[in-house]
Amino acid sequence: MIKTSKMPAANGKISIAPSILSADLFRLGEEVKSVQDGGADWLHVDVMDGHFVPNLSFGPSVVSSLNGKTDLPLDVHLMVEEPMLFIEAFARAGADLLTVHVEAKDEIVGALEFIKSFGVKTGLSIKPDTDPELISPLADLLDLVLVMSVQPGFGGQAFLPSSEEQIRRVRDIITRSGRNIWLEVDGGINAQTAPLAARAGADALVAGNAIFKAADPVLALKQIRQAASDI
Ligand code: DX5
Ligand code: ZN
């Protein structure tokens, strides 16, 4: 085991995970401190390899720079074709949860077991056009399911209306599994779309642009939480 994962178990409340993809990287430390002090629950770190998605972002060194500098659990989203190449490096860098995509090239059971071998929590993500039923047989290995509500690769896109049905189907699968699994939604979340996701069954919401590009990121975060909790 590398470290004890700080990711808590699902508790029926809404958790908010600001995505540093939209942060001002010149001021990353300040940006993280501000959302932490403002009540963020986790920090979402998007990892892109230029193959699984047509963009590049952060490597393990960014996670290790954050590790120990923030109390927030590090929720690391691997948008990569070959997660087996990177899991160990991100676990050693201090990820608290590692999410892989069901559409990735590597064999998923092996990838999830490899994540668990480091004491890191496991997540499995589906893209907007992926059949949620693919998750069912893997539920025993999961701490979180991440439903993409935009095509992965870029921040600032609009929430796809078809995501509501995806979220409902994943919530059914989680209920049927009888396990306590987070249902996180990622892409286009703001105070208008957060209630749609929460009503469909989400209990963790990623928000990039809606928080870090807002004039007042902490107010935006609180408004998203409020909107998602008042349903
Ligand atoms: C997109 C990423 C998201 C992104 C969300 O591929 O996985 O986490 O940061 O950004 P917004 O909230 O701006 O849609
Ligand atoms: Zn993400």
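Reader: Why is Arg 169 called partly exposed?

Author: Its relative accessible area is 31%. Buried means under 20%, exposed over 50%, and partly exposed lies in between (1.4 Å probe, protein chains only). Arg 169 therefore counts as partly exposed. This is a predicted model: local features need pLDDT of at least 70, side-chain atom pairs count only at pLDDT 80 or more, and totals for chains, interfaces and linings use all residues. Side-chain values use heavy atoms, without hydrogens and water, and residues are numbered from 1 along each chain as its sequence is written.

Reader: What makes Arg 169 and Asp 131 a salt bridge?

Author: Their closest N and O atoms are 3.0 Å apart. The term asks for a side-chain nitrogen of Lys or Arg within 4 Å of a carboxyl oxygen of Asp or Glu. The pair therefore qualifies. It links distant parts of the chain: Arg 169 is in helix α5 (residues 163-177), Asp 131 in the loop between β5 (121-126) and β6 (144-148), 38 residues apart. Helices (H or I, at least four residues) and strands (E, at least two) are DSSP runs, numbered from the N terminus.

Reader: Why is Arg 176 called exposed?

Author: Its relative accessibility is 57%. That is over 50%, so Arg 176 counts as exposed. Its side chain meets that of Glu 133 in a salt bridge, 3.1 Å from N to O. Arg 176 lies in helix α5 and Glu 133 in the loop between β5 and β6, so the pair ties together parts 43 residues apart in sequence.

Reader: How do you know that Trp 42 and Trp 182 are edge-to-face?

Author: The planes stand at 85 degrees, and the centres are 4.9 Å apart. Rings of Phe, Tyr and Trp (its six-membered ring) pair if their centres lie within 6.5 Å; planes under 30 degrees apart are stacked, over 60 edge-to-face, the rest tilted. Trp 42 lies in the loop between α1 (28-37) and β2 (43-48) and Trp 182 in strand β7 (residues 182-186), so the pair ties together parts 140 residues apart in sequence. Both Trp 42 and Trp 182 are buried.

Reader: Why is Phe 118 called buried?

Author: Its relative accessibility is 9%. That is under 20%, so Phe 118 counts as buried. Phe 114, at 24%, is partly exposed.

Reader: What makes Lys 127 lie over the face of Phe 52?

Author: Lys 127 is at 5.0 Å from the ring centre. The rule wants NZ of Lys or CZ of Arg within 6 Å of the ring centre and within 35 degrees of the ring normal. The distance therefore passes, and Lys 127 is placed over the face.

How values were computed
Chains are lettered from A and ligands numbered from 1 in the order in which they are written.
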